[in-house]
Amino acid sequence: IDEVKVYDYARSASQIFTDSGIIKGSVVINEIMWPGSIISIADEWVELKNNTSSAIDLTNWSIENLGDLSTPNINITSGIITANGYFLIANNNKDNSIINVDPDFQTSSISLDNDGEQLILKNNNGQTIDSANDPGPWFVGSNVVPNKSMSRNSPSGDGSLSSNWHTSTTSVNLDPGASELATPGTAND
């Protein structure tokens, strides 16, 4: 019995936090590169931001509407988002993308509708933690060259309100010479 108590006590804070449920807004959809890049319209990615001072296990979390029609929801099979950190989910690895950092989770199933859609982040218990955009057109960002991402304002507000987003104006963590404006894996401009 004592060994069980020690084991339960020794579990990581992030696992205890996940097991007890995450409060809405603890992790947010922070940036969306919905237009793709000059390399490919499929060079799309989404960045999550941890607004807490604890690491959070994202295993079995999902983002609704991030995929294509046949598989609309993207499930994160494993990954930890560090305290106050970022988690990049991308279609391509950095060798086949304009991003110049390794994605934390890579899948070829991302398919963002250029006409817009609402993304919904759910934890491993199926609870909605955040949403981005509404069911209409993308609030901001641009698919007119140079393509620009849709970036969350800081501090994060309700992601379903356009007033909490802006069009990216800076290039960070992109390949040298990339014309796109986005900041994957780091703070938004």
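In this predicted model, the largest nonpolar core holds 29 residues, and Ile32, Leu48 and Leu119 are the ones that touch the most other members. Several strands give two or more residues to this core: strand 1 (27–33), strand 2 (45–50), strand 4, strand 5, strand 7 (86–90), strand 9 and strand 10. Strand 1 provides the largest share, with three residues. Looking at Ile32 itself, and leaving aside neighbours within four places in sequence, its contacts include Trp45, Val46, Leu112, Leu119 and Ala132, and also Trp138, Ser149, Met150 and Trp165. Another core, of eight residues, lies apart from this one, with Leu88, Ile98, Ile99 and Ala182 among its members.

Turning to the strands, four of them form an open sheet in the order 5-4-9-10, paired in the antiparallel sense. Strand 5 (74–76) and strand 10 (128–132) each have a single partner strand, so these two stand at the edges with one side left without a neighbour in the sheet. On average, and with direction ignored, neighbouring strands here are turned by 15° against each other. Within the sheet, three bridges join strand 4 (residues 61–64) to strand 9 (residues 119–122) in an antiparallel pairing; Ile63 has Leu121 of strand 9 as its bridge partner.

Asn164 is buried, because its relative accessible area is 14%, under the 20% cut-off. The Asn164 side chain reaches the backbone oxygen of Asp158 at 2.8 Å. Beyond neighbours within four places in sequence, Asn164 is in contact with Ser151, Arg152, Asn153 and Gly157, as well as with Asp158.

Terms used: Residues are numbered from 1 along each chain as its sequence is written. This is a predicted model: local features need pLDDT of at least 70, side-chain atom pairs count only at pLDDT 80 or more; totals for chains, interfaces and linings use all residues. Side-chain values use heavy atoms; hydrogens and water are left out. Buried means under 20% relative accessible area, exposed over 50%, partly exposed in between (1.4 Å probe, protein chains only). A polar contact is a pair of N or O atoms within 3.5 Å; within protein, one must be able to donate a hydrogen and the other to accept it, and residues adjacent in sequence count only if both atoms are side-chain atoms. Contact means heavy atoms within 4.5 Å. Two strands pair if DSSP finds at least two bridges between them. Helices (H or I, at least four residues) and strands (E, at least two) are DSSP runs, numbered from the N terminus. Axes are lines fitted to C-alpha atoms, for helices over the stretch in contact, and angles run from 0 to 180 degrees between N-to-C directions. A nonpolar core is a set of buried Ala, Val, Leu, Ile, Met, Phe, Trp, Tyr and Cys residues joined through side-chain atoms within 4.5 Å.
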